[in-house]
Amino acid sequence: MTATTATPDASAAPARMPAQIPYIIGNEGCERFSFYGMRNILTVFLMTSLLMSVPEELRKGEAKAVFHTFVIGVYFFPLLGGWLSDRFFGKYNTIFWLSLLYCCGHACLAIFENNLRGFYFGLFLISLGSGGIKPLVTSFVGDQFDKSNRSLAQKVYDAFYWIINFGSFFASLLMPVLLKQFGASVAFGVPGVLMALATLIFWSGRRTYVHVPPRGANPHSFLKVVWTALKAGGLGLAVAALGVIGAVVSLSQIGSLGFVAAVCLALVLVMGFGGVGASLQLDRARGVHPDEAVDGVRAVLRVLVLFALVTPFWSLFDQKASTWVLQADQMAKPEWFQSSMMQALNPALVMILIPFNNLVLYPLLERAGVKVTALRRMGAGIALAGAAWIVAGMLQLWLDAGDTVSIVWQMLPYALLTLGEVLVSATGLEFAYSQAPLAMKGTIMSFWNLSVTVGNLWVLLSNVSVKSPTALAAIQSTGYSETACLMFFFAGFALVAALLFALAARRYPLQDNYRG
């Protein structure tokens, strides 16, 4: 495809909204309906159909493991999508071709509803397609803006996030009903139709987009600069070596941790220790690489510290589609109401909170003298997620005591978690794009999505750890159930992360890396 060039008039006033944005927003709304439509019924379908051969006492844990493994894949494949886009095909072509694989994945779910291998292959294709396009669509939105109209970018990212939840809202309401009334083939087939429509809408705008061409093989890429810094030896290389040793130990525990958890933990250890080691001696890469590339890597490494502290938020957020659904099964509710339908409350609240925050809350805080920065929003959002799980834990104690608990009570933790989501996720999309150097947009958006993978990794590791004799004995000594203890553990996890995030944010140097 021929690259389209944009020559915006920087002196134009007021800033103009790019005309191609509706195609991207429409594509995202349909794609998110397809994704959340299948995701929100996945745990229920596994529990009531596909995993019926698993003993009942183990089925809940197995369903959670499959769900979070799938989510790990969805947020791991952005690394692949970002690499293919930046080096070979560009964002548009990579999004289009991976979207076709995405459609094939939905078809597999609809066709292989009673075939474990076929169904899991469909989940793999969806995780590859959805994950691969995830960082590209968000950075593709940013590519449509430049410094003349970047003031509109956050509004578009908010609209982008609003349409995501518009699709999710209707998917959360309709898919459980379709699953119950018409079976898995229809319930998983409808999201496939919506994904095909999303691909068609995206293709329709192909002649209007700003296409930033792929950069090809880059001798001064992020990984090459990091490797040059580490090859210089010294303390940084020793720190990176510790990560490799930890990764080997992790891989040796595949039998107890499970393949996905062990491999992801190994990756996190290599990346974490390697990043710390490179940051200690990054200046040793100067001369081999231009200062612009070295400074770009330093900027990315600074952002990754903040991303690492956001991972506990995702641990809590994604369990609303597993742990909270299973909790809802224990609650009193109308006969027609399916537990997974409660998730519709999350996108409904998002659609209310995004305009409320922008039109009412943020202006009020600004007039009160409180500067509402992106980092302050994100720190507050992590803390609110912790508060939501304290409430969920209290509800679980109520259920464990044998009392009848109305599902209406679950609205409170949903409200707290959703407000946290708006502050973290919608804000983080624009923040991640703005902080990335021009040559590393795909890289930084991939790392943003990888933070969700790491968050779900913590869930898998906690589920494994809680089965150890020591952990079981500690839980029994509290007099609380395993579920309640895990809920309070994750709440504390998030609150500690929020405190550390606030401390790190105070020293973070903000960047403005939009096109000129």
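**Helix packing and buried positions in a predicted model**

Helix α1 and helix α3 (residues 56-76) pack with their axes 12 Å apart, at an angle of about 155°. Axes are lines fitted to C-alpha atoms, for helices over the stretch in contact, and angles run from 0 to 180 degrees between N-to-C directions. Helices are DSSP runs (H or I, at least four residues), numbered from the N terminus. α1 and α3 are therefore roughly antiparallel to each other (angles over 145 degrees count as such). Phe-35, Met-38 and Arg-39 of α1 make the contact with Phe-67, Phe-70 and Val-74 of α3; contact means heavy atoms within 4.5 Å. By class, the residues of this contact are five nonpolar, no polar and one charged. Ala, Val, Leu, Ile, Met, Phe, Trp, Tyr, Cys and Pro count as nonpolar, Asp, Glu, Lys and Arg as charged, and the others, Gly among them, as polar.

The model is predicted: local features need pLDDT of at least 70, side-chain atom pairs count only at pLDDT 80 or more, and totals for chains, interfaces and linings use all residues. Residues are numbered from 1 along each chain as its sequence is written, and side-chain values use heavy atoms, with hydrogens and water left out. pLDDT is the predictor's confidence in each residue, from 0 to 100. Its mean over the chain is 86, and 95% of the residues reach 70 or more. Among the elements of the chain, helix α15 (residues 374-400) has the highest mean pLDDT (95) and helix α10 (residues 254-257) the lowest (80). Over residues 1-12, pLDDT stays under 50.

Glu-28 lies in α1 (residues 21-39). Glu-28 is buried, at a relative accessible area of 6% (buried means under 20%, with a 1.4 Å probe and protein chains only). Leaving out residues up to four places away in sequence, Glu-28 touches Val-137, Phe-160, Ile-163 and Ile-164. Ser-130 sits in helix α5 (residues 116-143). Ser-130 also counts as buried, at 1% relative accessibility. With residues up to four places away in sequence again not counted, the contacts of Ser-130 include Phe-35 and Val-74.

A further helix pair is formed by α12 (residues 291-317) and α16 (residues 411-435). Their axes come within 11 Å and cross at roughly 150°. α12 and α16 are therefore roughly antiparallel to each other. The contact of α12 with α16 has 12 nonpolar, three polar and one charged residues. Among them are Phe-307 and Trp-314 in α12, and Glu-421 and Val-424 in α16.

Methods
Helix = DSSP H or I, 4+ residues; strand = E, 2+ residues; numbered from the N terminus. Parallel < 35°, antiparallel > 145°, perpendicular 65-115°, else oblique. Buried < 20%, exposed > 50% of the residue type's maximum accessible area, 1.4 Å probe, protein only.
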